[in-house]
Each structure stands twice: as C-alpha cells, then as structure tokens.
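Biologist: I am new to this structure. Please show me how to read its features, one at a time.

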Amino acid sequence: MEISVIGSSQMKLGKSDLVYRELGYCNLKNNFRILNKRVCFGSNMRWKKAGIQFTLKALKSEPVLEEKRSGFGTISKTVDGVKLFVGLPLDAVSYNCNSMNRARAIAAGLKALKLLGVEGVELPVWWGIVEKDAMGKYDWSSYLAIAQMVQKVGLKLHVTLCFHGSKIPHIPLPKWVSRIAESQPSIFFKDRSGQHYKQCLSLAVDNLPVLGGKTPVEVYQSFCESFKSSFSPFMGSTITGISMGLGPDGELRYPSHHQLTGDTKTQGIGEFQCYDENMLSFLKQHAEASGNPLWGLGGPHDAPTYDQPLHSNNFFKDEGSWESAYGDFFLSWYANQLLTHGDSLLSLAASTFGDSGVEVYGKMPLMHSWYGTRSHPSELTAGFYNTANQDGYEPVAKMFARNSCKMIIPGMDLSDANQSNETHSSPELFLAQIMKSCKNHGVKVSGQNISESGAPGVFEQIKKNLLRDKVLNLFTYHRMGAYFFSPEHFPSFTEFVRSLNQPELHSDDLPSEEEVLADSAIISQESSVSMQAA
C-alpha cells in the first residue's frame, strides 16, 4: 500500500498479499504501519482538528501483485456466522439529478470497510428516484454505478427497495404518483382528524387500479422485474440480499406514529390509520359480514390521538375497550389487513427474485414503547395485535416463513436500562418475543441498529443480541456518512469489528502486544474528510 505524507518523501509501508495505492494524502507522520493487511495508526496518536488535514485526490488504483490472489485479502468478520454489513447513505444517489452523491467519499469508505473486514454494504434504492417522471420509465444508471463500485472493491451488496418517501433527506414518491394523488387523495392513509400520510400508499389500494389503470402491486412488480433485469450481472454474486419495502420507512406497519411531537417527555401511543375511504369500505364490509354493521362506521371512538399517553382515554386502559368483543373485532381486522399486505408484497418479491440466487427480506418495526403494559398500545396502533392476552408475532413469523423470507429487526443497540420508565418501554423483551416467534417458524433474522452514536454500551448490546437464540444471520450497521467516519465514532466501530470472531491466525501473523494497541482505521479519515467536504 502506498501512502503519501505531506512534508516528507513518499514511502512504501508494509508487505501484504496485495499492495494498493489508495486515495488521498495526510500529514500524520510516523504513525502508520500495515498489520496483517490492516492499516493501523499508533496508540499515541492525538485527534486534533488542526492536526489532521487531508487533501483528497482521486487516484486510479494500481495493484502490485506479490502473490496470485484477488481482492484486498481481508477476512470478513462474523460472530457465529453473523455477517456484518454497513448501510450506505440514504442519499447515495441524488433525487434532484439522479447522480451519485459524494462518489469519491463513498469509494474511499468502501475501501476502508473492506480493509476492516466488513462483509458488504446496504444500498437504499428509491422508487421516487428510479421511476420519478413516468410510470414504467426507469433510470438505474447511478445505482448501477454504485453496484459496480462495490463489486470492484470486493464487497457484497444488500439492496433495499424503497417504495416510500423520505423527509430527511428529501426523497418523495414519484412525481406521477403525486399528480394522481392530487385528484385521488384516498390512495394515502388518513387519520381520524382527516390528515393524509403522503410518504407511502395506503395498503387498502394494493389491488385497486388507482395508478393509471394499474394496481400498486402491479407497479411494484414491474419495478422489481426491471431491477432484476438491469442488475442481472450482479445478482447472486455481488448482490446477495434484497429487502422489499413494506410501508412507512420500508417497515411492515401503519404510519401510526408519524405525528409524534419531539418535545414531549412521554411518548404517545400513536393513532389508528383506518379512515381513508378504502379502509373504511373494507371495515364496513367486514362488520356487516360479522353481523355487527354498527362496528364498521369507523375506528375506536375512545382511542387516544398520536401524542396522548396511555390513560388519556378508555380504549387502552386495563379492562378498557381493547378487551371487549368490539375491541377484538377491530384489532383482529386491523392486524389482518396489514398481514395480508405484507404477505402480498413478500410473495411478489419471493416469486420475482427466487431464482436469482439472492435472499429476500422484509423489515419489521421496533414498537417497544408501552411494551410493559397489558394492552401494548404502540403495537396495536401500528398493526400488531400483540397484548398480554395474545401473541401478535406468531402469525407474522409464520407469514415470513411461508414466503421463505428473512426478517429485519432494528434496535439491536437498545437496552432496557436506557429507556424511560414513563412509557414502560422494553426493547429487550420485545426483541426476545419476536425472535422467539422467528425461531419457532425457522425464520432467520437480520439485525440493525437505530442510533449510530457509539455511546458506551451500544456495541456491547449489539454483540449480546448477535448471540441471542442463534437466529441472526446478518447485521447491518447504519449508516455511512461524515459522522460514521469521524474520530468521535469510527475508532469505536473499528474496535467493535475487531472484537468479532475471526479465523485462527498462524503465530507468525499474530500482532505483538504493542501492535494490538494500534487502531486500524486510517483510511477512514479520507472518507470522513471527503464526506464533510462534499
């Protein structure tokens, strides 16, 4: 590996299986060494803003082969077979011009992750970017460029198909969908007050011809088929997994919490999303079929609104309406609508990609607030009929198993000790329940973190969950960016990766005690500076 140091002559460092000239220059004199194909800096190094200055240059990598080997020669890190991925930025491709954002920074970041021993990266692919202007008109060019970049570095790629919009960064639904919505707002979810949620389509229109004569399921299928065809050279080799977008933020849930205010000390329980005309029509039909037509006039009248606490109304209280015959009727119907939606989209993904050599995934939400109460209101409003009296995740796991899909669960970094007592939150008990259901039905789990703060105890909590029940097979750390590669965060992430199980080394390859103290993250600085400058 060839590294240039400002103010000194160019020097070659280390001896490894494959020597590369990497991106960038730095002024960190006498702090570099190559250790077992890892870039390391001395433990006495000081992180000072004024003392770390990088001048990035996009240089063409020139491999110098010492032995006939391919790739960077690093070893992927695993804990009992759990593969480690890192999420690429949500806006890796620009919405405004469909071009790659911060290409040099991403390239440097990919090389840093490869040297560190990460298995691969996760790439969000947005419906609103690829099929922006007209139905059936796809532009995959920038995403193909990223796939080629990932392939060249030798990493694996997990693709997330995003059929929802994002506020931060700003990535809305396709323009042609928004134009349809102007005259047909009922394609969106609506709450009790009449407000529409415009970041994804209502599950009630899945099989209704509301998109220019086509149903949303048909449009999603065409999108998936176009992706499969366009990325066929990467399928089953570079691309090893595909996540199917299932709802808000890509998760299988109703948008029950999108109006929560950020300054409330007590998090509300969310609100039922069953008031668009199509959902109400289905509810009315179900009520009439059950012999109780009055139950189909709307959602629960005594349920709280978004940011209200548990006891502000009667529905979720102990012995409240949720435990009545009406409560069981409504909650069963509400949850089954979501389950049917998830089954439809995962079946679509499984049938489309089943012969491509990739695994298909779907993402669940982490609704851990109020988990310690009998009614579990946050889960009920999100669409999961899970209470002290009923297990709401067994049918979900069974649905994933039926479609041979793996389940993504976020929040592997959260512990009960850091949660508010006011909301009776328990992410650990929530994870234990849903992972038990997955184990019962043979569904493998992929974990994600929610926070990238690198706070004390976070990585230990992740490792604890990676070893839970032996159902995890992949973990994706979110997400690459300027902070990810900053000196405040990346050294902690590096230590986390290095602490994962790795194959036994020959005694000649083992580092000395002094070398063990060194950190293997210098190339990360190139990514950090480029991310910040972009």
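Biologist: Is Ser404 buried or exposed?

Modeller: Start with the terms: buried means under 20% relative accessible area, exposed over 50%, partly exposed in between (1.4 Å probe, protein chains only). Ser404 has a relative accessible area of 59%, so Ser404 is exposed. Ser404 sits in the loop between helix 9 (394-402) and strand 17 (406-409). Helices (H or I, at least four residues) and strands (E, at least two) are DSSP runs, numbered from the N terminus. Phi of Ser404 is near 55 degrees, a positive value in a residue other than glycine.

Biologist: Where does Asp249 lie?

Modeller: In the loop between strand 15 (239-244) and helix 6 (277-290). Phi of Asp249 is also positive, near 55 degrees. Asp249 is partly exposed, at 45% relative accessible area.

Biologist: What should I know about the model itself?

Modeller: This is a predicted model: local features need pLDDT of at least 70, side-chain atom pairs count only at pLDDT 80 or more, and totals for chains, interfaces and linings use all residues. Residues are numbered from 1 along each chain as its sequence is written, and side-chain values use heavy atoms, with hydrogens and water left out. pLDDT is the predictor's confidence in each residue, from 0 to 100. The protein's mean pLDDT is 82, and 77% of its residues reach 70 or more.

Biologist: Over which residues does pLDDT stay under 50?

Modeller: Where pLDDT is low, the predicted coordinates should not be read in detail. Here pLDDT stays under 50 over residues 1-73. For that stretch the model has 154 contacts (heavy atoms within 4.5 Å) beyond four places in sequence. Over residues 261-266 the pLDDT is below 50 too.

Biologist: How do helix 1 and helix 3 pack?

Modeller: Two packed helices are described by the angle between their axes and the distance between the axes. Axes are lines fitted to C-alpha atoms, for helices over the stretch in contact, and angles run from 0 to 180 degrees between N-to-C directions. Helix 1 (residues 103-116) and helix 3 (residues 141-153) pack at about 30 degrees, with axes 10 Å apart. That makes helix 1 roughly parallel to helix 3. Angles under 35 degrees count as roughly parallel, over 145 as roughly antiparallel, 65 to 115 as roughly perpendicular and the rest as oblique.

Biologist: Which residues of helix 1 and helix 3 meet?

Modeller: Among them, Ala103, Ile106 and Leu110 in helix 1, and Met149 and Val150 in helix 3.

Biologist: Which peptide bond at Pro169 is cis?

Modeller: The bond from Ile168 to Pro169, with omega near -5 degrees.
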